[in-house]
Amino acid sequence: MKLELRDISKRFGAVLANDHLNITIPSGTIHAIVGENGAGKSTAMRIAYGFYRADSGDILVDDQVRDIRAPLDAIALGIGMVHQHFMLVRPMTVTENIVLGAEPGSAVSLDLKQAAAGIRALSAEFKLAVDADAVVDDLSVGQQQRVELLKALYRRAALLILDEPTAVLTPQEVEEFFGILRRMREQGKTVVIITHKLSEVLAISDNVTVMRDGKVVGNLRTNDTSAAELARLMVGRDVLLRVEKAPAKAGATVLSVRDLSIAGRDGTRRLDKVSFDVRAGEIVGVAGVEGNGQTELVEALAGLLPHSQVAGTIAFNGRDIHQLNARRRREIGIAHVPEDRHRRGLLLEFSLAENAILGVHYRAPAAGGLGSALLNTRAIGQRAERVIREFDVRPPNPALPARALSGGNQQKLIIGREFELPPTLLLISQPTRGVDIGAIEFIHRKIVALRDNGCAVLLVSAELEEVTALSDRLLVLHDGRIAGEIDPAEATHEQIGLLMTGGHA
Amino acid sequence: MKLFRELLFPAIAVVCAFAVGAIVVLLIGDSPVETFRLLLGSAFSWPDGIGYTLFFATPLIFTGLAVAVALRGGLLNIGAEGQLYVAAFATAWVGITFASLPSLLLVPLCCLAGISAGAGWAAIPGVLKARFGSHEVINTIMLNFIAVALVGYLTQYHYRIPGDPIMETAPIGGAAHIPRLGTFVPGLPARIPLNVAFLLALFACWLVYVLLWKTKWGYEIRATGQSPSAAEYGGVSIRKEIVLTMAISGALAGMVGINEVLGYRYRYYDGFSDNYGFTGIAVALLGRNHPVGVIAAAFLFAVLQRGGVPVDAFTQHVSKDIVLILQALVILFVAAEALFRRGNRGQGALGRI
């Protein structure tokens, strides 16, 4: 199926999300749409799927102008969409999920057997290996994604729109997933993937549309372009894709973890006798598929887990800090950038200024007067302005609620706040998740600069590129254990990927 | 602009409530104009109208503040009713037991007793939540029943003057009385029970404002209410905050006893509360959990309460239940507005740094 967006515009309030877009997606191709957060790529595809209506412009399906008013119209035309967040009913089976909304049988009876047979046939055709009778809750994230694909295929989609499909997958799963996409292309399907990962664009797509600020800034053949060109188009300037850093000058051991074990609230073992050191002036990376103990490791080091759940020793500058709570740990110089900025890192309804003092709000200079009971509005304002200036937080208005910022700016605010401590040890989790390329470059430079100033850094990231580019040493966590320590400069992604999934390098 | 928006929605809710209320009055068969004239006219007349309206507003300011502080801290205190009963009794008990003390000592002591009793009673569900995770809504409701039964028992069997047919304690010592505002304000007769507790209520509003937005403790309370996990990340002990917030909330509810016992009846009178604790929830919601909003909302509810009597007496068909209808409508529209801005739970933009 060929899809064409012709002169599409869409305005949300003051924001022109799509500005006279022209995108042509030829039949039987894999087409990537790239752009930073807020560039308008999801909006464009939601218009094609009938989720939004364009203010002006036409949608052409196989060269005919079509009026797509709602997703049902799009589905009827053969357009399917898989959202970033899966829309599955978790306690129900794969078959039940797939037929939901298009139940086979008469008005009063439900013929699931026939549906299950059809699903098995589809699954075999595209080598999806999905068990039609499995309960969705029991499936891995990668399998759930394939259920979403099946759902669209079951509705006879000829064109599939996938919104950030690889965000939740491990490197191995990404490879498998690309195989599926290629098979779909062989079967004559058209695939559109919305993404911001340039390596994937180059690996899988035939054509690329680059968007910036609501406009199409490039329609390119993938073979004729490069990551550097795509990045420049996306950001509007040259972007350093590689992290530039001098070799680490590691000093004394700052953090020493020995036999650290962590029990989950449900009693299961989340971390099993993990030992490692982090020295001043080096970045130690922790790679691993999410849910293999990284979250618990960082929370334990930051003092956010109850003592009863944590066993083993944590020494900071030679001193056992097992008994110190989160506040005391921050006082001795342990900064923490949490993985979940909305839940942990920020108070979304609080102003930027109030957020800039979270964790140090109770002591000078944030608190002063009446035995440090009163908040010192002036000192808080100055601190906020410093963080905003040094970390280029936009818009630079300390009175705005944190909710009003984009993900990248929220993250810069948090990192800026933690850098203000100033830290001797920085625990930093998923520093660039959901952050624009331009901001990623900025954040990486700041982390390296902090290291060069002699700070010890423990970096946890699900992005292999990031963790290999930034780290001086790399630990791979699998199932709560350190599966291996490798030199990130030498190891290949395949080797790391193997360790991440429990194999041996 | 922000302030304007904050004021706009509650104002719309009130206007809508009165509009629907007018239809109800019309359906019953009276003139809405006449009814509302009676309602508002009697509440704003000088001196009786205003005097009584402010007197009625006093306990609602305290309970509204109590609920607002708890909500800012992420807790729903449905137990202000029980807290104010226990506190009022404690206030009276000190006033009776230490009646011989000089006024300068006895009045603060009575106040302190009420405040700590309210704080202590509210701290119970706080501790239960912090320690065992049991929900404060359930526990505050249950403690309401216990509080009412407890003070009823104490009044009936221990502190009632033998032979008195009314469920009330012996009077407190004269030294424990606090002056009525009629003593200072020219033209305001001393028979109107509006007393110094009203000024205390206004002072409490200012104090709560400073606490919540100008101190590190308030920062921690609001942070905990906004996102417990972010507050925890910021080194705040969530358990401590829960107990502290409940205690502050209970202390504020407990101050109702000062108005009732020291400034009005000069004894503990069983069943005195006209659902002040529960109306406080509506006051806090309408007032957007902000002290200034609480004053305005408490005043509105007091106007309705005061105006109910003449409406009952001077209209053909409408009874004073119209007041309940209006109150319910206000709450309904405030709740409807909350639905429109989901995710903004309990978070006004007023008073930010």
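This is a predicted model: local features need pLDDT of at least 70, side-chain atom pairs count only at pLDDT 80 or more; totals for chains, interfaces and linings use all residues.
**View 1. Where chain A meets chain B.**
Start with the place where the two chains touch: 26 residues of chain A are in contact with 16 residues of chain B. On the chain A side, at least two residues each come from helix 10 (326-331), helix 11 (341-345), helix 12 (352-355) and helix 13 (377-390). Sorted by class, this side of chain A has 15 nonpolar, five polar and six charged residues.

**View 2. Two helices of chain B side by side.**
Here helix 4 (residues 80-97) of chain B packs against helix 6 (residues 136-159) of chain B, with axes 7 Å apart and an angle of about 25°. Because angles under 35 degrees count as roughly parallel, helix 4 of chain B is roughly parallel to helix 6 of chain B. The crossing of helix 4 of chain B with helix 6 of chain B is left-handed. Look for B:Tyr85, B:Val86 and B:Phe89, among the residues that helix 4 of chain B brings to this contact, and for B:Ala147, B:Val148 and B:Val151, among those from helix 6 of chain B. By class, the contact of these two helices has 11 nonpolar, two polar and one charged residues.

**View 3. A six-stranded sheet in chain A.**
This open sheet of chain A has six strands in the order 16-17-18-13-19-20, and its pairing is mixed. At the edges are strand 16 (334-337) and strand 20 (481-486) of chain A, each of which pairs on one side only. From one strand to the next, the twist averages 20°. Strands of a sheet pair through backbone hydrogen bonds, either parallel or antiparallel. Inside this sheet, strand 13 (residues 283-287) and strand 18 (residues 456-460) of chain A pair in the parallel sense over four bridges. To find one bridge, go to A:Ile283, whose partner in strand 18 of chain A is A:Val457.

**View 4. Helices lying across the sheet strands.**
Helix 14 (residues 407-419) of chain A lies across strand 16 and strand 17 (425-429) of chain A, and runs at about 175° to strand 16. Helix 17 (residues 493-500) of chain A lies across strand 13, strand 19 (473-478) and strand 20 of chain A, and runs at about 35° to strand 19.

**View 5. A loop residue, A:Leu100.**
Find A:Leu100 in the loop between helix 3 (94-99) and helix 4 (112-125) of chain A. Is A:Leu100 buried or partly exposed? With 13 other C-beta atoms within 10 Å, A:Leu100 is partly exposed. From A:Leu100 to A:Gly345 there are 245 residues in sequence and 38 Å in space, C-alpha to C-alpha.

Methods. Residues are numbered from 1 along each chain as its sequence is written. Chains are lettered from A and ligands numbered from 1 in the order in which they are written. Two residues are in contact if their C-beta atoms, placed from the backbone, lie within 7 Å. Ala, Val, Leu, Ile, Met, Phe, Trp, Tyr, Cys and Pro count as nonpolar, Asp, Glu, Lys and Arg as charged, and the others, Gly among them, as polar. A residue is buried if 20 or more other C-beta atoms lie within 10 Å of its own, exposed if 12 or fewer, and partly exposed in between; C-beta atoms are placed from the backbone. Axes are lines fitted to C-alpha atoms, for helices over the stretch in contact, and angles run from 0 to 180 degrees between N-to-C directions. Angles under 35 degrees count as roughly parallel, over 145 as roughly antiparallel, 65 to 115 as roughly perpendicular and the rest as oblique. A crossing is left-handed if the near helix is turned anticlockwise from the far one by less than a right angle, and right-handed if clockwise. Two strands pair if DSSP finds at least two bridges between them.
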